[in-house]
Amino acid sequence: MNKWFLQAFLLLAFIPLAILVGYGVLVVAPIFCCFLAINSYKFKNYKEMYIWMGVGGVSFLIALYMLGVL
């Protein structure tokens, strides 16, 4: 098999994998921010808690938009 065709095939094979990983990150990001906010609350660091809540809210809206819900 030609080296160029093999490289093109591998590039095309990684596109769905990259999309899958991207959507996985979009879904996990709000959950991760939620746990960071809970951790900040346990240490009574309220300013950081509100920052993580805001980042989690924005990432949740972005995830909904990218998944086609909004």
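**Overall fold.** I counted the secondary structure and found two helices and zero strands in the protein, where helices (H or I, at least four residues) and strands (E, at least two) are DSSP runs, numbered from the N terminus. I then looked up the radius of gyration, taken over C-alpha atoms, which is 18 Å and well over the 11 Å that the globule rule gives for 70 residues, so the protein is more spread out than a compact globule; that rule is 2.2 Å times the number of residues to the power 0.38. Along the principal axes, the C-alpha atoms fill a box of roughly 60 × 30 × 10 Å.

**Source notes.** I keep in mind that this is a predicted model, in which local features need pLDDT of at least 70 and side-chain atom pairs count only at pLDDT 80 or more, while totals for chains, interfaces and linings use all residues. Residues are numbered from 1 along each chain as its sequence is written, and side-chain values use heavy atoms, with hydrogens and water left out.

**Burial.** I noted that 14% of the 70 residues count as buried, where buried means under 20% relative accessible area, exposed over 50%, and partly exposed in between (1.4 Å probe, protein chains only).

**Helix H2.** For helix H2 (46-66), I checked the length: the expected span, 1.5 Å times one less than the number of residues, is 30 Å for its 21 residues, and the end C-alpha atoms are 30 Å apart, which agrees. Which residues of H2 are buried? I found Met49, Gly56, Ser59, Ala63 and Leu64. They cover an arc of only 135° around the axis, which puts them on the same side of H2; the arc is that of the directions from the helix axis to the C-beta atoms. The buried residues of H2 pack against H1, whereas Lys47, Tyr50 and Tyr65 are exposed on the other side of H2.

I looked next at Ser40, which lies in helix H1 (residues 3-42) and is buried, with a relative accessible area of 4%. Leaving aside neighbours within four places in sequence, Ser40 is in contact (heavy atoms within 4.5 Å) with Asn45, Glu48, Met49 and Trp52. Lys44, in the loop between H1 and H2, is exposed at 61% relative accessibility, and its phi is near 55°, a positive value in a residue other than glycine. Most residues other than glycine have a negative phi. After H2 comes Gly68, whose phi is also positive, near 90°.
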